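Let's walk through a protein model together, one feature at a time. Have the sequence and the 3D view open as we go.

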Amino acid sequence: MSRRFLLSSGLAVALVAAAGLLTVTTPRVFGQAPPGEAPAGPAPKTPWGAPDLQGIWTNSHDIPLQRPLKYADKEFFTDEERQALDKQRGAIVSEDTRRYGKGSEQDVGGAYSTNIFLSHKPTGRRTSLIIDPKNGRMPPLTPEAQKRRNEIREYQLALLRATETCKNNRPGCAGGKYGPPSPRRNEAPPHYIATGGAGGGSINRSDGPEDRTLGERCIAATLPDFGGAAGFYPQIIQSKDTISIFYDTGQGQGWQRIIPITNRPHLPSNVRQWWGDSRARWEGDTLIVDVTNFTAKTDFQGSRENLHLVEKFRRKDANTLEYTVTIEDPTTWMQPWTVTQELTKQEDKFNRVYKEPRCHEGNHGMPALLIGARVEEKAFAQRKGPDPATLCSAGCGGFAGGFADEGEEANPFIQ
Amino acid sequence: MMKASTIIVAILSAVVGALGMLAVSCGGPAPGGGTTSGVVAGPAVPRTADGKPDFSGIWQALNEAHWDLEAHEARPGMVTQEGVYPYEYARVPAAPVVALGAAGGVPGSVGVVDGDGKIPYKPEALKVKQENGANWIDRDPELKCYLPGIPRAMYMPFPFQIVQGGAKVHMAFPFSSTGRTIHLDEVEGPPDYTYMGHSVGKWDGDTLVTTVTEFNGKNWFDRAGNYHSEQLKLTERFTPIHRDAIQYEVTLEDPNVFERPWKISMPLYRRLEPNAQLMEYRCIEFVEEFLYGGLRKKPLVKRWENETFIIDITRKVPEGEKLYEWYRR
């Protein structure tokens, strides 16, 4: 059995990641399709005359969601700037000897290293995925959303207060200060713990599975999804009245989406889902999808149950699918904002989509985290170990996604 | 124009006709599968531009196969234990389902296995199957929200959706938010053995015939402990028997577990509600208490003994809700 050695999906992912890394380090001639990408041609139609969106797609370039501040109102990079950024990013992510002091809590984040688990792609032409507002950045939060974010941050900092992360004034403790263990460790968090970023994210506690991030719980897949270093291969298959998208994303956190092409109304407003409720219609060559009915557990950049998406899928040519989404939530942002992304078609033959969201099936990490926390508590109770409140297992900083949280090895896209 | 009521009668009679065919196919293996030669009754089967049957739509099996593929009588509980009398036929519901009353039982079924209705296990494999059944709560991957595998996903008690896109026929399953693609074109296989298998299809007249391989051997067929190894090879046949019904047949081969190939068959029915749609069943979060509850700092269940949770059933019936009081209101 030649494939038996690939027993863990982690290994399979590692090979994919290694292949992805090559695209960063190997010089590439612009305009030439790399191996695995489909040949060029006009946008095809289905036998029933609709634009044909079918295929396995991926983002061929890394583009930051928000424009780095230093590029201000500059919408596109020059080819020279892209090459320089590729060199700078490649040098950071391909360096496999970086350590944040062996044995330190920050060193743990680096274990999930780019060389083994993640892949980075060449820098794209755009300086941000966001095309509206014009400055390429998310609009300001509403006072209500800012309050939510502050409440989460205060709670996070309370749980980090007695750790080395705060003692050493590391970036993970930004906004907080070192002190004795907080009684808030015994309180429920002010909002549901969801993905990272603006929404809040991880807290330094492992009382139960809900304390850990959605990623650690194997339910991180979110809508919209612009891909990332952990891989992204949506596969579209369509019939006259339905679009199926299987999102192979986040290393085993993939999911199945069904988009009905219908003028039926949305689900009743009391029915809420993680990925909302999609309704699509064709407008010329563009599929327009309206998504509402998100659950309060979902978290896209701080937006929860009031998230409203208007997605547009348009096949520009045989090889290119343009995805544009307008993101709206008057309880979170002062104005709607719009992201656009070009996806490149992959050769069907290579079947580069893994319909096996099996993160959960192999989630030894979750019981290990919880058992570890119980062992620490027991050791402390028996005066054989430190106060668990002084230990850091989330939000400690270090290398995440291949980049450091500060200094020269931080992600140039967000420096 | 037919009146609406006439149309409904027409559909019903056609579906009854389909059920009749199931009864025929269950009565004994018919030559050639017993369905491909059947004349399609009722409204015309939808077809694609190239004349093939168009299976696109929302479908669901309506049977007890998800409980047990084999013929079985009704059971008083999903989990049972020895009752007051020590007879195997007098078992009573066990603790995990006592509070569910009649909703916690298992419906009986004539089964979906062709021929004598029995799965032809090898003797040692039959022992494993029986142990599986006895340890259902601990062993069934469904309870852990693991990927359901094929054919199990096809007859779980959820609707599923077929999106037929030419060279690919895709099936979307709510349970565990997963899907499978049947490739009618040439593609490379998966890089590793899989839960959901690798499906390759071709048309045989109006029948879509698929071969499914590359299983990792971690799935079951049902809640009765019926199982297979990574050697499982499926040959599925999807045949339209009505506009709103597909005859689904599977030949199962697995030399590690079975004496010989065997077959299951059942109709899949179209969900006719005009507003039918797949709903999320993101069960990973539903099973966290089941899987990790014993590792909480403050367990929700009263008492854990290692991985065993002890449930003290102290259900207090509220005033006015006691047996018979409810009727008198």
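Q: Is the disulfide of A:Cys392 and A:Cys396 left-handed or right-handed, and what is the torsion about the S-S bond?

A: First, the general idea: a disulfide is a covalent bond between the sulfur atoms of two cysteines. In this model, two cysteine sulfur atoms within 2.5 Å count as one. The torsion about the S-S bond of A:Cys392 and A:Cys396 is about -105 degrees, so this link is left-handed. Their sulfur atoms sit 2.3 Å apart.

Q: Before we go on, what should I know about the model and its numbering?

A: This is a predicted model, in which local features need pLDDT of at least 70 and side-chain atom pairs count only at pLDDT 80 or more, while totals for chains, interfaces and linings use all residues. Residues are numbered from 1 along each chain as its sequence is written, chains are lettered from A and ligands numbered from 1 in the order in which they are written, and side-chain values use heavy atoms, with hydrogens and water left out.

Q: Are A:Cys392 and A:Cys396 buried or exposed?

A: Here's how to read those words: buried means under 20% relative accessible area, exposed means over 50%, and partly exposed is in between (1.4 Å probe, protein chains only). A:Cys392 has a relative accessible area of 9%, so it is buried. A:Cys396 comes to 7%, so it is buried too.

Q: How many disulfides does the structure hold?

A: Over all chains there are 4. One of them joins A:Cys166 and A:Cys173, with the sulfur atoms 2.0 Å apart. That link is right-handed, with 95 degrees about the S-S bond. A:Cys166 is buried at 4% relative accessibility, and A:Cys173 is buried at 1%.

Q: Which parts of the chain does the pair A:Cys218 and A:Cys359 tie together?

A: To read this one, you need the named elements: helices (H or I, at least four residues) and strands (E, at least two) are DSSP runs, numbered from the N terminus. A:Cys218 and A:Cys359 form a disulfide with their sulfur atoms 2.0 Å apart. A:Cys218 lies in the loop between helix H6 (164–167) and strand S3 (232–238) of chain A, and A:Cys359 in the loop between strand S10 (337–346) and helix H7 (365–381) of chain A, so the pair ties together parts that are 141 residues apart in sequence. This link is left-handed, with -70 degrees about the S-S bond, and both A:Cys218 and A:Cys359 are buried.

Q: How many helices and strands does chain A have overall?

A: Chain A comes to 7 helices and 10 strands. Of its 415 residues, 52% are buried.

Q: Let's look at one helix: how long is H2 of chain A, and which of its residues are buried?

A: The expected span of a helix is 1.5 Å times one less than its number of residues. H2 of chain A (residues 79–93) has 15 residues and reaches 21 Å from its first C-alpha to its last, close to the 21 Å expected. Its buried residues are A:Arg82, A:Leu85, A:Asp86, A:Arg89, A:Gly90, A:Ile92 and A:Val93. Seen down the axis of H2(A), they fall within an arc of 155 degrees (taken from the directions from the helix axis to the C-beta atoms), so they line one face of the helix. The face turned away from that buried side carries the exposed residues A:Glu80 and A:Lys87.

Q: What about H5 of chain A: what do its buried residues pack against?

A: Contact here means heavy atoms within 4.5 Å. The buried residues of H5(A) pack against H6 of chain A. Among them are A:Ile152, A:Tyr155 and A:Leu159.

Q: How many aromatic pairs are there?

A: Rings of Phe, Tyr and Trp (its six-membered ring) pair if their centres lie within 6.5 Å; planes under 30 degrees apart count as stacked, over 60 as edge-to-face and the rest as tilted. The structure holds 24 such pairs over all chains. The rings of A:Tyr71 and A:Phe77 have centres 5.0 Å apart and planes at 85 degrees, so that pair is edge-to-face. A:Tyr71 is buried at 15% relative accessible area, and A:Phe77 is buried at 4%.
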